[in-house]
Amino acid sequence: MLKISGHNFFAKTLLAAIFAVLLSSCTAEDWSDCEPLIRVSFSYTLNPDDNEKFAQQDIRSIDLLVYDANGLFVTQVRREEVSFPQNYTIDLELPDEGKYTIVALGNIDDDYNCGDLVNYGSGCSTLKPGISRLADMRTIYNAPVTGCASVLNDNFHGMAAGIFVGYVDTKRTVIDLTKNTNILNITIKGLEHVTRSLYPDVT
């Protein structure tokens, strides 16, 4: 009868598991199964108090736009939450080792679109990998067909440029966001001196 002791069975099982992991993971000799990874977190310190207030902001979506060393669009990741916690992170798997620039946009929704100088789309949908350029990237107010919104959502943006991402370790970066409140106040003075109707009678 074949007898396998508990210690020998455990050791053989552990060795088999390690061997399987080595076969399926990337090593210094073979990077074919590797995908460079960068972990992005966020902050909001550009406020009157100079304190960290990312979690206190009304941010419901975050779009990360990734550009390569030549400034060409690579990929996009979007996350939507009711609210983002302070230590929220997004992991980005990149196609190859190299330098990247990451643009973060907060609250690209019904009020705003993003794209290049010519094409804009909901949620940056018109950006094309290998074609759209960082230098041409824009966000634009999505004006309704008639009228204008009385209140616009706060818009956030930030960028981490020239980050080298390799195969070996997970790169970590923090993007500090800037807030656009998009409040426009118009004050009209002098109407108290108007002695006749602004709208003349039409007969």
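C114 is buried, its relative accessible area being 0%, and this cysteine opens a set of exercises on a model that is predicted.

Determine which residues form a disulfide, and state where in the chain they lie and whether C124 is buried or exposed.

*Solution.* Begin with the search of the whole structure, which returns 1 disulfide. Next, identify the partners: the sulfur atoms of C114 and C124 are 1.6 Å apart, and because the cut-off for a disulfide is 2.5 Å, a separation of this kind qualifies. Then place the two residues in the chain: C114 belongs to strand β6 (residues 112-115), whereas C124 sits in the loop between β7 (120-121) and β8 (138-141), so that the link joins distant parts of the chain, 10 residues apart. Finally, consider accessibility: C124 has a relative accessibility of 1% and counts as buried, and C114, at 0%, is buried as well.

**Exercise: salt bridges and the parts they connect**

How many salt bridges does the model contain, and which elements hold the residues D91 and R39?

*Solution.* The count comes to 6 salt bridges. One of them brings together the side chains of D91 and R39, with a nitrogen-to-oxygen distance of 2.6 Å. This pair links distant parts of the chain, since D91 lies in strand β4 (residues 89-93) and R39 in strand β1 (residues 37-43), 52 residues apart. As for accessibility, D91 is partly exposed at 35%, and R39 is partly exposed at 27%.

What are the closest N to O distance and the accessibility of each partner in the salt bridge of D63 with R78?

*Solution.* The closest N and O atoms of D63 and R78 are 2.5 Å apart. Because D63 lies in strand β2 (residues 61-68) and R78 in strand β3 (residues 73-80), the bridge ties together parts that are 15 residues apart in sequence. The accessibilities then follow: D63 is buried, with a relative accessibility of 0%, while R78, at 30%, counts as partly exposed.

*Solution.* For D154 and K179, the closest N and O atoms are 3.5 Å apart. D154 is partly exposed, at 24%, and K179 is partly exposed, at 26%.

In what order do the strands of the open sheet run, and which of them are edge strands?

*Solution.* The open sheet has 5 strands in the order β3-β2-β5-β9-β11, paired antiparallel. Its edge strands are β3 and β11, each of which pairs on one side only. Direction ignored, neighbouring strands of this sheet are turned by 20 degrees against each other on average. A closer look at one pair shows β2 and β3 joined in the antiparallel sense over 7 bridges, with I62 standing opposite R79 in β3.

*Solution.* To see the surroundings of F42, set aside its neighbours within four places in sequence: its contacts then are F54, I62, L64, Q86, Y88, I90, A104, V174, I175 and L177.

Which residues does S41 touch, and is S41 buried or exposed?

*Solution.* S41 is found in strand β1. Not counting residues up to four places away in sequence, S41 touches Y88, T89, T173, V174 and I175. Its relative accessible area is 18%, and because buried means under 20%, this residue counts as buried.

Note on methods. Residues numbered from 1 in each chain as written. Predicted model: local features only at pLDDT ≥ 70, side-chain atom pairs only at ≥ 80, totals over all residues. Heavy atoms only, no water. Helix = DSSP H or I, 4+ residues; strand = E, 2+ residues; numbered from the N terminus. Buried < 20%, exposed > 50% of the residue type's maximum accessible area, 1.4 Å probe, protein only. Salt bridge = Lys/Arg side-chain N within 4 Å of Asp/Glu carboxyl O. Pairing = 2+ DSSP bridges. Axes fitted to C-alpha atoms, helices over the stretch in contact; angles between N-to-C directions. Contact = heavy atoms within 4.5 Å.
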